[in-house]
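Please open the model in your viewer and keep the selection panel at hand. The tour below goes from one selection to the next and says what is there at each stop.

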Amino acid sequence: MRNEAINEKSPWQNITEGNQIYEPATSRRFCTGEWRTSTPVYKKDKCRQCLLCVPVCPDSSIPVREGRRQEFDYDHCKGCGICEKVCPFGAIEMKEGK
Amino acid sequence: MAIRERLSGNEAVAYAIRQINPDVMPAFPITPSTEIPQYVANDMANGKIDTEFIHVESEHSAMSAAIGAAAAGARVVTATSSCGMALMWEELYVAASDRLPVVLALVNRALSGPININADHSDSMGARDSGWIQIYAESNQEVYDNFLQAYPIAEHEAVRLPVMICQDGFITSHGVENILLLEDEKVREFVGEYCPAHYLLNADEPMAVGPYAVSAYYMETKRAQREAMIRAKRVILETAERFARLTGRKYGFFEEYRLEDADYAIVIIGSAAGTCKAAVDEIRSATGKKVGLLKIRVFRPFPEEELAMALRDKKAVAVLDRSEMFAAAGGPLGAEVRAALYSVKSRTEFVNYFYGLGGRDITVEDFKEVYRKLEELSKTHEVRDMYAYIGLRE
Ligand code: SF4
Ligand code: SF4
């Protein structure tokens with residue numbers, strides 16, 4: 001049984017042996033962003049592209065393209081606020097809610 | 001033609017391991033199982049097998065490495081006893097829920113404290129809820145035979161569960177007995193090659209083992225795990241049948257010794273069954289009284305129905321436990337056999353004894369006394385002590 005066929009409605013008979021997952025990189029499909037209770041907001045005008053926020057994000061939710069950070073990946077950002085603490089230029093602000 | 005030898009229980013397990021030549025053995029020494037990895041290491045050093053030995057710093061790591069190797073696709077063996085298995089506790093459950101067919105040679109020894117190195121079943125009985133198949137032996141021959149059947153059961157596609165092959169510390173592990181061994185080729189043919197359908201080292205199928213299961217999945221996962229344990233019953237019997245065709249030695253969930261026509265039955269696990277058989281024979285030939293024995297071989301999965309049918313019509317049954325569970329009631333075997341009898345509405349009289357804790361001896365005379373008390377109980381119908389002791393100073 002392929003894993004996409006398994007969801008929260010699946011009967012026990014469909015669960016794979018030991019919950020094994022037979023394909024790679026499936027964690028992308030697991031939207032940890034649903035857990036968020038506060039949300040980082042990117043203030044692009046204040047950002048100096050120092051990229052200090054990128055490696056500290058525990059969920060790899062700050063994508064970088066051609067040396068510049070992009071908008072947050074809200075599908076996976078859990079709203080922990082570490083990036084806000086790290087940003088030296090006040091370019092990230094936490095707001096309440098998703 | 002079988003090979004006639006004289007081996008200790010530990011030597012018999014090591015002999016079987018050499019014949020099977022598993023891929024990986026992570027192990028940490030602990031009395032009385034230490035000799036098993038020691039003998040296997042000798043065979044590796046002498047080039048008799050190409051098993052990879054992993055030197056670990058604890059039993060926690062031994063079982064962790066066993067899980068990793070089994071997930072990678074290797075056939076894995078380890079050995080331990082007592083507190084060594086207690087240190088594996090967390091991983092025992094993981095091996096079972098990850099459905100990895102690890103085989104553990106367990107040499108039963110009392111758990112601390114007080115610290116004690118002798119035989120009782122507190123280690124494996126404590127792990128009875130971990131999801132491992134548990135198979136026990138009376139003699140060195142049975143240890144060897146059970147070990148050869150372990151992989152075909154564990155790796156069977158309908159099962160995929162870890163198996164614990166248990167024997168009584170020192171009594172069989174260090175006691176030397178006559179034994180019949182199979183030729184290497186016959187063992188290899190019987191056990192077969194291990195070809196898992198999914199494994200981490202398969203480059204063609206990337207996979208994940210042991211993922212987090214939130215409450216929306218955990219219960220279904222546990223139900224599926226239970227199903228594997230239910231299916232194991234059939235596979236255990238089929239494997240035993242195949243083994244009997246090869247060797248003539250027959251095994252089931254339990255052995256019934258002069259039980260069929262017996263009025264009074266003792267239920268026991270492990271080496272003390274041999275002593276009990278002597279008592280049965282002596283009583284029968286001296287008095288003609290119908291006494292018998294039911295020796296449990298497979299405790300997990302628990303053969304509830306079969307056991308209840310074998311005991312339901314007895315006049316009185318005594319279950320002997322070689323471990324405490326501090327329920328301030330009986331022992332684990334007593335509790336489960338009693339529940340099984342209830343499920344078939346048996347009216348048999350029932351008592352539960354503790355014996356042999358921390359290696360305390362049990363004699364033929366002790367067993368005769370139990371049978372005497374069973375006979376008395378069947379007449380008086382008065383249980384004076386539901387949870388009595390054998391060999392306790394009081
Ligand atoms: S740490 Fe602040 S300034 Fe630096 S890249 Fe991140 S958001 Fe921009
Ligand atoms: S709030 Fe936390 S999870 Fe979200 S982007 Fe910032 S560091 Fe990453």
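**Stop one: chain A**

Select chain A and follow it from the N terminus, where its elements run in the order β-α-β-β-α-β. That makes two helices and four strands, helices (H or I, at least four residues) and strands (E, at least two) being DSSP runs numbered from the N terminus. The radius of gyration of chain A is 17 Å, well over the 13 Å that the globule rule gives for 98 residues, so the chain is more spread out than a compact globule; the radius is taken over C-alpha atoms, and the rule is 2.2 Å times the number of residues to the power 0.38. Along the principal axes, its C-alpha atoms fill a box of roughly 55 × 30 × 15 Å.

This is a predicted model, in which local features need pLDDT of at least 70 and side-chain atom pairs count only at pLDDT 80 or more, while totals for chains, interfaces and linings use all residues. Residues are numbered from 1 along each chain as its sequence is written, chains are lettered from A and ligands numbered from 1 in the order in which they are written, and side-chain values use heavy atoms, with hydrogens and water left out.

Of the 98 residues of chain A, 35% count as buried (under 20% relative accessible area, with exposed over 50% and partly exposed in between, for a 1.4 Å probe and protein chains only). Now select A:Y42, A:F72 and A:Y74, which ring pairs link into a cluster; rings of Phe, Tyr and Trp (its six-membered ring) pair if their centres lie within 6.5 Å, and planes under 30 degrees apart count as stacked, over 60 as edge-to-face and the rest as tilted.

**Stop two: between the chains**

Show both chains, and the contact takes 15 residues from chain A and 20 residues from chain B, contact meaning heavy atoms within 4.5 Å. In chain A, select A:W12, A:E17 and A:Y22, which lose the most area to chain B and together account for 37% of what that side buries. The area buried between the two chains is about 1,600 Å², of which carbon and sulfur atoms give 63%; buried area is the accessible area (1.4 Å probe) that two parts lose on being put together, summed over both.

**Stop three: chain B**

Chain B has 13 helices and 15 strands, and buried residues make up 59% of its 394 residues. Its radius of gyration of 21 Å agrees with the value near 21 Å that a compact globule of 394 residues would have.

Which strand of chain B holds B:P26? Select strand β2 (residues 24-27), where B:P26 is found; at 0% relative accessibility, this proline counts as buried. Leaving aside residues up to four places away in sequence, B:P26 touches B:I54, B:V56, B:A62, B:A65, B:A66, B:V76, B:V77 and B:T78.

Finish at B:R18, which lies over the face of B:Y15 at 4.7 Å from the ring centre.

Definitions and conventions: A charge sits over a ring if NZ of Lys or CZ of Arg is within 6 Å of the ring centre and within 35 degrees of the ring normal.
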